[in-house]
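Let's take a walk through a protein model together, one region at a time. Keep the 3D view open and find each residue as it comes up.

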Amino acid sequence: NLQQNIADLMAQAAANETGVKELKKLVATYGRETVQAYMGHIQDAAESSVRRLIATINEGSFEYRLDEGEVICVTIKPNHRQRSLTIDFTGTSDQLPNNRNAPVAITRAAVLYVLRTLVADDIPLNAGCMKPVTLIVPAGTMLNPIYPAAVVAGNVETSQALTNAIFAAVGALGSSQGTMNNLTFGNDRYQYYETICSGSPAGPGFDGVAAVHTHMTNTRMTDPEILEQRYPVVVDEFSIRRGSGGRGKWSAGDGISRQIRFLETMECSILSGHRVVPPFGMLGGEPGEIGVNKIVRGDGQEENLGGSAQRSVRPGDAIVIKSPTGGGFGKSP
């Protein structure tokens with residue numbers, strides 16, 4: 001849909017232009033020096049908040065295993081005297097022949113996100129958060145690939161695994177589902193894309209919540225009524241799978257089951273993870289459940305799709321997604 005794509009690009013350009021105008025208003029009202037000074041103050045405040053956080057972090061490491069055998073390795077080394085932090089990804093798998101490589105900017109963004117969630121102060125997200133942090137991300141690995149490595153799933157899938165690994169290394173949070181469950185379908189007239197939720201992670205002192213988007217896919221889903229009004233599909237099921245979250249002293253939130261039936265011929269794709277390896281449990285907690293992707297044809301035949309697949313679907317066919325669930329935190333009493 002060329003016109004829709006052009007409209008999206010125009011909206012992005014308009015948003016940028018609005019930002020330019022508002023910044024110029026600030027400069028016109030307060031002067032360039034004052035505006036730049038406050039930009040510095042905001043970053044300095046963020047840096048101070050992160051340095052206070054670092055004083056509470058202990059050294060730790062974690063190895064995160066993915067469905068196709070890849071490993072993300074992270075080691076956290078705080079320097080409490082200098083209130084600085086080194087995050088080292090040495091040992092991570094080499095860059096991959098598939099598209100699950102994450103550019104180093106994505107790796108940096110995942111680190112920034114984790115630090116911001118752990119900071120106790122109410123600060124805006126900005127580059128000051130990273131001033132006390134040294135990142136070691138060896139070139140040629142799946143977290144710092146060399147051009148022309150394919151990277152489309154690095155943003156939507158590997159970023160989720162990265163977030164889980166970093167939280168685990170600092171011992172702050174259990175695993176989430178570790179994937180976005182990226183579902184797309186369309187034809188010459190319609191194109192649709194969504195990420196699919198699961199339960200939120202458990203942590204020290206709290207259970208996870210069922211059926212919410214978390215971490216790098218903190219978005220909202222389209223209401224079923226709107227989806228069915230705008231696209232030739234029917235949402236047959238969107239339900240919580242009670243009891244599916246990983247058990248522990250504190251249990252992860254429950255995942256979901258989603259079934260969408262097609263009323264026209266389309267191409268349908270799923271890009272997801274944790275269809276082989278279940279999300280890990282922390283500190284004696286049980287692992288979560290693996291996810292399931294399958295096509296149910298109009299005649300009742302079923303086809304398991306694995307983690308990533310593309311299929312043609314006809315009227316009456318349905319896709320079923322069961323999201324994986326995070327692991328429990330702490331050993332059950």
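Start with phenylalanine 262, which has a relative accessible area of 0% and is therefore buried. Here, buried means under 20% relative accessible area, exposed means over 50%, and partly exposed lies in between, using a 1.4 Å probe and protein chains only. Before we go on, note that this is a predicted model, in which local features need pLDDT of at least 70 and side-chain atom pairs count only at pLDDT 80 or more, while totals for chains, interfaces and linings use all residues. Residues are numbered from 1 along each chain as its sequence is written, and side-chain values use heavy atoms, with hydrogens and water left out.

Which ring does phenylalanine 262 pair with? Its partner is phenylalanine 185, in an edge-to-face arrangement with 5.3 Å from centre to centre and 80 degrees between the planes. Rings of Phe, Tyr and Trp (its six-membered ring) count as a pair if their centres lie within 6.5 Å; planes under 30 degrees apart are called stacked, those over 60 edge-to-face, and the rest tilted. The two residues come from distant parts of the chain, 77 residues apart: phenylalanine 185 belongs to strand β5 (residues 182-186) and phenylalanine 262 to strand β8 (residues 256-262).

Now follow strand β8 itself. Six of its seven residues are buried. On one hand, β8 is joined to strand β7 (residues 233-240) by seven bridges, and the two run antiparallel. On the other hand, five bridges join β8 to strand β13 (residues 318-322), again antiparallel. Two strands are said to pair if DSSP finds at least two bridges between them. Strands of a sheet pair through backbone hydrogen bonds, either parallel or antiparallel.

Return to β5 and you meet an open sheet of four strands, in the order β6-β5-β9-β12, with antiparallel pairing. Which strands stand at the edges? They are β6 (191-194) and β12 (308-313); each has a single partner strand, so one side of each is left without a neighbour in the sheet. Strand β9 (residues 266-271) pairs with β12 over six bridges, and serine 269 stands opposite glutamine 310 in β12. Helix α4 (residues 152-170) packs on this sheet, touching β5, β6 and β9, and its direction makes about 55 degrees with that of β9.

Next come the helices α1 (residues 2-30) and α2 (residues 32-54), whose axes come within 6 Å and cross at roughly 120 degrees. Axes are lines fitted to C-alpha atoms, for helices over the stretch in contact, and angles run from 0 to 180 degrees between N-to-C directions. Leu23, Leu26, Val27 and Tyr30 of α1 meet Arg32, Thr34, Val35 and Met39 of α2, where contact means heavy atoms within 4.5 Å. Helix α2 also holds glutamate 47, which counts as buried because its relative accessibility is 17%.

Finally, visit some loops. Most residues other than glycine have a negative phi, and most peptide bonds are trans. Proline 148, in the loop between β4 (133-136) and α4, is joined to tyrosine 147 by a cis peptide bond with omega of about 10 degrees. Histidine 215 has a positive phi near 55 degrees and lies in the loop between β6 and α5 (224-230). Histidine 274 also has a positive phi near 55 degrees, and its place is in the loop between β9 and β10 (292-296).
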